[in-house]
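Subject: The structure we talked about

Hi there,

Here is the model I promised to pass on. Have a look at it first, and then read on for my notes.

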Amino acid sequence: MIRYFFYFFLLLFINACVPVVGVSTIGIIKTGVEVADDPRSLGRIVDDSVIEKKFLYKISKIDEKYLLKIKANSIDGRFILKGNVETIDEKIKMTKIAWETNGVRSVENIIKVNDQSSLTDKAKDLLITSQFKVALIAHDEVKSNNFSFTTINKNLYIFGIARSEDEQKIVINEAKAVQGIKEVIPSIFLKEDLANNQRIAN
C-alpha cells in the first residue's frame with residue numbers, strides 16, 4: 001500500500017515539475033491507454049508519461065506548431081510517432097529527437113509527409129477507424145481500452161498492449177476484416193514482454 005501512495009505522489013510531483021508546453025498539449029500527452037485497464041505497473045506508466053512529456057517539450061522548443069502536428073506514445077519505452085509534416089527533413093528530425101529522448105528503447109515513425117488526402121479519402125479513413133473500434137468493443141475477449149489506432153490513406157495503424165497472443169491475433173484479424181482497408185500495420189506488444197530490456201527492431 002505504501003508503494004502505491006509513493007507512485008501516486010510521484011506522479012503528482014512529475015506533473016508539477018515537467019515544463020508546461022501549452023494547453024493544447026493536454027490531449028496529445030495522453031497515451032491512448034486508460035490507466036484503469038492498463039496492465040503496466042503504475043511506476044511504468046509514470047515513466048512512459050515522463051518520456052512523452054520530455055519529447056513534447058523538446059519539439060516545442062523548435063516550433064510549437066509540432067505540438068498540434070505530432071502525436072507521441074510510449075509503452076515501456078517503445079515510442080511511436082504519428083501525425084503530418086511538410087517535409088521529409090522534418091520527419092527525420094522528429095525521429096532523431098525521439099531516439100535522443102532518455103528512456104526510449106525503440107522508435108516507430110509513421111508520420112506522413114505532405115498528406116494530400118481529399119475529404120472523401122479522409123471520410124473513408126474515418127469510417128475504417130470507426131468500424132474497427134466497434135468490432136473491438138463488441139469482442140468479449142478483447143480489452144479495447146488497451147489499444148489505440150488510426151487510419152491514414154486506408155492503412156490502419158494499431159498500437160497497444162495485448163494480454164495474450166490470442167488477443168493479439170484477434171485484434172489483427174478483426175482489423176483485416178474491416179471493409180475497404182488496404183493494409184494493417186500493428187505495433188502490439190504482449191504484456192509478458194513489457195519487462196524485456198532488449199531493444200526492439202523497427
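Let me begin with lysine 69, which is partly exposed because its relative accessible area is 27%. Please keep in mind throughout that this is a predicted model.

Lysine 69 has a partner: glutamate 86 forms a salt bridge with it, and the closest N and O atoms are 3.7 Å apart. Lysine 69 sits in helix H4 (residues 66–69) and glutamate 86 in the loop between strand E2 (78–85) and H5, so the pair ties together parts that are 17 residues apart in sequence. Glutamate 86 counts as partly exposed too, at 45% relative accessibility.

Now for the overall picture. The protein has seven helices and seven strands, and along the sequence they follow the pattern α-α-α-α-β-β-α-β-β-α-β-β-α-β. Of its 202 residues, 44% are buried. If you take the contacts with a separation of 6 or more, 70% of them are between residues 24 or more positions apart. The accessible surface is about 11,400 Å², and carbon and sulfur atoms account for 55% of that.

Back to the charged pairs. How many salt bridges does the structure hold? There are five, including the one between glutamate 86 and lysine 69. As a reminder, side chains of opposite charge can pair when their charged atoms come close. Another of these pairs is lysine 96 with glutamate 100, at 2.5 Å from N to O. Lysine 96 is partly exposed at 49% relative accessibility, and glutamate 100 is partly exposed at 45%.

A further salt bridge joins glutamate 167 and arginine 163, with the closest N and O atoms 3.0 Å apart. Is glutamate 167 buried or exposed? Glutamate 167 has a relative accessible area of 2%, so it counts as buried. Arginine 163, on the other hand, is partly exposed at 42%.

Along with Glu167, the buried residues of H7 are Ile170, Val171, Ile172 and Ala175. What do they pack against? Their neighbours are helix H6 (119–138) and the strands E5 (147–152), E6 (155–162) and E7 (183–190).

Strand E5 deserves a look of its own. Five of its six residues are buried. E5 pairs with E6 in the antiparallel sense over six bridges, and phenylalanine 147 has glycine 160 in E6 as its bridge partner. The two strands form a hairpin with two residues between them, and asparagine 153 in the turn has a positive phi of about 55°.

Helix H6 also holds threonine 129, which counts as buried because its relative accessibility is 17%, under the 20% cut-off. Leaving aside neighbours within four places in sequence, threonine 129 is in contact with Phe149, Thr150 and Thr151.

Ile88, Ile92 and Val113 make a nonpolar surface patch of about 250 Å². Ile88 lies in helix H5 (residues 88–99) and is partly exposed, with a relative accessible area of 48%.

Happy browsing, and do write back with any questions.

Best wishes

Terms used: Residues numbered from 1 in each chain as written. Predicted model: local features only at pLDDT ≥ 70, side-chain atom pairs only at ≥ 80, totals over all residues. Heavy atoms only, no water. Buried < 20%, exposed > 50% of the residue type's maximum accessible area, 1.4 Å probe, protein only. Helix = DSSP H or I, 4+ residues; strand = E, 2+ residues; numbered from the N terminus. Contact = heavy atoms within 4.5 Å. Patch = residues over 30% accessible without salt bridge, like charges linked within 9 Å, V, L, I, M, F, W, Y side chains within 5 Å. Areas by Shrake-Rupley, 256 points an atom, 1.4 Å probe, with all protein chains shown as cover. Salt bridge = Lys/Arg side-chain N within 4 Å of Asp/Glu carboxyl O. Pairing = 2+ DSSP bridges.
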